[in-house]
Amino acid sequence: MNISIIILVLAVSFVIWSTAYKKLNPFFALSIAALGVGLLSGIPFEDVAKQMKTGFGHTMEKVGVLIILGTTLGMLLEKTGATVSMAKYILKKVSEKNAPLGIAITGYIIGFPIFCDSGFIVLNGLNHSIVKRTHWKMAIMATSLGTSLYAVHCLVPPHPGITVAIETAGGDFGPIILIGALLAIPAASVGLLYALWKGKRVADDYTPPEENEVVEAERKLPSVGLSFLPVILPILLIGSGAFVKLFSEITENASLFSRLLLFLGDPIIALGVGIVVSLFLLKKEDKPHLSHWITDGVEKAGGILAIIGAGGMFGEILQRSGVGSDLGSLLTGASLGIFFPFLITAFLKTAQGSSTVAIITAASLITPLLKDLGLDTSLELSLAILSLGAGSMCVSHTNDAYFWVISRFSNLSTAATLKVYSVATLLMGVVTQLLIWGVLIVFG
């Protein structure tokens, strides 16, 4: 085996071992792995640190502002009560007899601006209330909500993993947001259907919380229309910009309207618009807290950006070391195609737990191999990136922090969460990947 492949295997094994078993922060795990690959692969000593800084800087340049804006928007929607307002509206429309469907739709919509763990925690009280009032089991409700949030988190920017993958591989945000949002619907549906089927068959080990833990906030919630607007408007702007870019030749002679749509359709500008609109959700009593909430959003982004930056260092060193071309030669004739990004990410996700770390690491590995895999066109590149997202779903289990959010906040046993939620994430990833393969066959 080529020495560079051995170095790669050792580096990835170190990241998995140190993060999953030694609980080392992923920032340091990825940084140490990047340093080790650089030194062992023959990059001159004086260039290793330089390349690491270059990788970190390029990654921050590409996604730093996007992720800060995304976390800030999510924080404002959470603190103003907009997420609960949206959830209650959807549940009212579908009725309590269809509560799992309602909570899944809620998770899908709220999942766009809010990270899956935050979204689950915010809506957790609503889930407990539904279980208390109806015949639905918590295993069904928790999995329906958890998987719908998870589908969007893995497939749709500005969530960090897929965002970094787009920038690493050189993809286009617009088409991937639109295709990813569409793919997240069947992915969430798989989670819902499996929850309905398996959730009825597991032992009901749900422990009701103390009465005061499920009391809903007394504050008056914002209007439904205004609550939805900061979520839907950025998606529409990004979609409009992508449409203009795809079907219009933008030149200096382009209409002012087309150029305006391109400007507003930039993901950073679109999220900024969403934040501005979310300010109308503030009530008089909220205004003294606004600065603190925004600070919380930025601080939440800080830890994520550190991991993403370290992933950028690792990716830069991997590309400079030439391991990509060596791996491409090794895979020649393997005919893995669109399934290779999925399998690599699924292995990393299952082994070390973090979807973000898995997709960032896998993106660095597969980017130099796209031609060898026969993924040359713009559509093929978009689908390859979404395959990374599908792989990052498989499998969420006991080494994933989100698994424990679902288990502990829902008062479910580990065994029940594994049987319902974890298996659902495996099925979600596989079905999503098969759909991506089908799109490639039909349109590729």
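Predicted model: local features only at pLDDT ≥ 70, side-chain atom pairs only at ≥ 80, totals over all residues.
Local features need pLDDT of at least 70 and side-chain atom pairs count only at pLDDT 80 or more, while totals for chains, interfaces and linings use all residues. Residues are numbered from 1 along each chain as its sequence is written, and side-chain values use heavy atoms, with hydrogens and water left out.

User: Is Thr417 buried or exposed?
Analyst: Thr417 lies in helix H19 (residues 414–443); helices are DSSP runs of H or I with at least four residues, numbered from the N terminus. Buried means under 20% relative accessible area with a 1.4 Å probe, protein chains only, and exposed means over 50%. Because its relative accessibility is 2%, Thr417 is buried.

User: How are H18 and H19 oriented to each other?
Analyst: Helix H18 (residues 401–409) packs on H19 at an angle of about 120 degrees, with the axes 10 Å apart. Axes are lines fitted to C-alpha atoms, over the stretch in contact, and angles run from 0 to 180 degrees between N-to-C directions. Angles under 35 degrees count as roughly parallel, over 145 as roughly antiparallel, 65 to 115 as roughly perpendicular and the rest as oblique. The two helices H18 and H19 are therefore oblique.

User: What distance separates the end C-alpha atoms of helix H2?
Analyst: The expected span of a helix is 1.5 Å times one less than its number of residues. Helix H2 (residues 26–40) has 15 residues, so it should span 21 Å. The distance between its end C-alpha atoms agrees, at 21 Å.
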